[in-house]
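Subject: Structure handover

Hello,

Here is the structure I promised to pass on. Please open it alongside this email and follow the notes below.

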Amino acid sequence: MSKIAFIFPGQGSQYVGMGRDFYEKEEAAQKVFDEAAAATGLDLKHICFEENEELNQTMYTQIAMFTTELALLRTLQSKGFSADVYAGLSLGEYAAVVASGAMVQEDSYKIVQNRGRYMQEAYPTGGGMTAVLGAEQTLVETVCAETEGIVCVANYNCPGQIVISGEKGAVDAAAAELTKRGVKRCLSLKVSGPFHSPLLTGAGELLRKDLEQLLLKDPEPSYLSNVTADHVTKKEEITDLLARQVSSSVRWQQCVERMLSEGVTKFVEIGPGKTLSGFMKRIDPSKKVASLEKYEDLAGVIEYLQAEK
């Protein structure tokens, strides 16, 4: 019997119109959008479905992406499908936490809304992020350690794609040194802050205070932490890991490798875009990832999950 993982993308895949077709056709999706709007005081249908300035601002992007992912998840679950393990990249980890039953859905909207605001406001100027393409992990880590100022690995996405983050001057200096050492391409990212670097520690501590107020449960089944690339099985672990996550490296490649080593053969990427499917092609090209992004994908995903492996 094949093991199934539901995986959720992070910030950056958002687009106008995401989730609209599910909202119009599925009661489970409608409920999520309506609950999220009531919990946050935001017009999430406007932010997700209509042209606007807010969608690409972190404080709105994160809750919009999260709401869409949860709406798609609940639709799939309403058809009788579940997973053996959950994982999400950065913001996507929150959908994994809720999917695992560890966080009450009604509580999650405000937490994610606050996370986006804390991250946007934590370090408004002077930070940067750069994607390093085609470099060995050890080389990137070495150059970051040798560079003056704050710069570190923010994301281990897949072989050949690592993101560095920190003070803009330090990030640029590290990118220049990597280029000098033969790295083919360093691509500066348009982001509103130096995410997943020590400069976001303050945002994590604000988030910790919010998380400490929640009634959490043991995840069942487990989800994988970005910080450790290990299973989270106890409620006592959740607050600290999520608080640390905003300033720690996202170990996505290691999360996927862990799931593969434990017999996961089917992956469903739930949410906007196909970023995680693209990473899988570099991590293990033999594994197909089904994508639940648009309503027209639903029948194919159900067929994929029902097929024997």
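Predicted model: local features only at pLDDT ≥ 70, side-chain atom pairs only at ≥ 80, totals over all residues.

**A loop residue to start with**

A229 lies in the loop between β7 and β8 (231-232). The phi angle of A229 is near 60°. That is a positive value, and the residue is not a glycine. A229 is also buried, with a relative accessible area of 8%.

H196 is another residue to look at. Its place is in the loop between β6 (185-188) and α9. Phi of H196 is near 55°, again positive in a residue other than glycine. Is H196 buried or exposed? With a relative accessibility of 3%, H196 counts as buried, because the cut-off for buried is under 20%.

One peptide bond deserves a look too. E220 and P221 are joined by a cis peptide bond, with omega at about 0°. P221 sits in the loop between α9 (201-211) and β7 (223-224).

**The cores**

Now go inside. The largest nonpolar core has 70 residues. F6, F66, L76 and V268 have the most contacts inside this core. Helix α4 gives the largest share of the core, with nine residues. Another core, of 21 residues, lies apart from the largest one. A229 is among its members, and so are W252, V256 and I283. In soluble globular proteins, nonpolar side chains tend to be buried together.

What does F6 touch, leaving out residues up to four places away in sequence? The contacts of F6 include L73, L76, F81, V85 and Y86. V268, I270 and L305 are also among the residues that F6 touches.

**Helix α13 and its surroundings**

L305 leads on to helix α13, which covers residues 298-306. Its buried residues are L298, V301, I302, Y304 and L305. Seen down the axis of α13, these buried residues fall within an arc of 160°, so they line one face of the helix. An α-helix has 3.6 residues a turn, so residues three or four places apart point the same way. A299, E303 and Q306 are exposed on the other side of α13.

Strand β10 is covered on both faces. V289 and S291 are buried on one side. A290 and L292 are buried on the other. β10 pairs with β9 in the parallel sense, over four bridges. Within β10, S291 is the residue that stands opposite E269.

K287 is found in the loop between α12 and β10. K287 is partly exposed, with a relative accessible area of 21%. K287 and F267 are 20 residues apart along the chain, and their C-alpha atoms are separated by 8.1 Å. Not counting residues up to four places away in sequence, K287 touches L260, V264, T265 and M280.

S13 is found in the loop between β1 and α1 (20-25). S13 is buried, at 11% relative accessible area. What does the side chain of S13 make a polar contact with? The partner is the side chain of T275, at 3.2 Å. Leaving out residues up to four places away in sequence, S13 touches M65, P272, G273 and T275.

G204 has its place in helix α9. Its relative accessible area is 1%, and G204 is buried. How many residues apart in sequence are G204 and L242? They are 38 residues apart in sequence, and 7.8 Å apart in space, C-alpha to C-alpha. Leaving aside neighbours within four places in sequence, G204 is in contact with A243 and V246.

That is the tour. Over to you.

Best wishes

Definitions and conventions
Residues numbered from 1 in each chain as written. Heavy atoms only, no water. Buried < 20%, exposed > 50% of the residue type's maximum accessible area, 1.4 Å probe, protein only. Helix = DSSP H or I, 4+ residues; strand = E, 2+ residues; numbered from the N terminus. Arc of directions from axis to C-beta. Pairing = 2+ DSSP bridges. Polar contact = N/O pair within 3.5 Å; in protein donor to acceptor, adjacent residues only side chain to side chain. Contact = heavy atoms within 4.5 Å. Core = buried A, V, L, I, M, F, W, Y, C linked by side-chain atoms within 4.5 Å.
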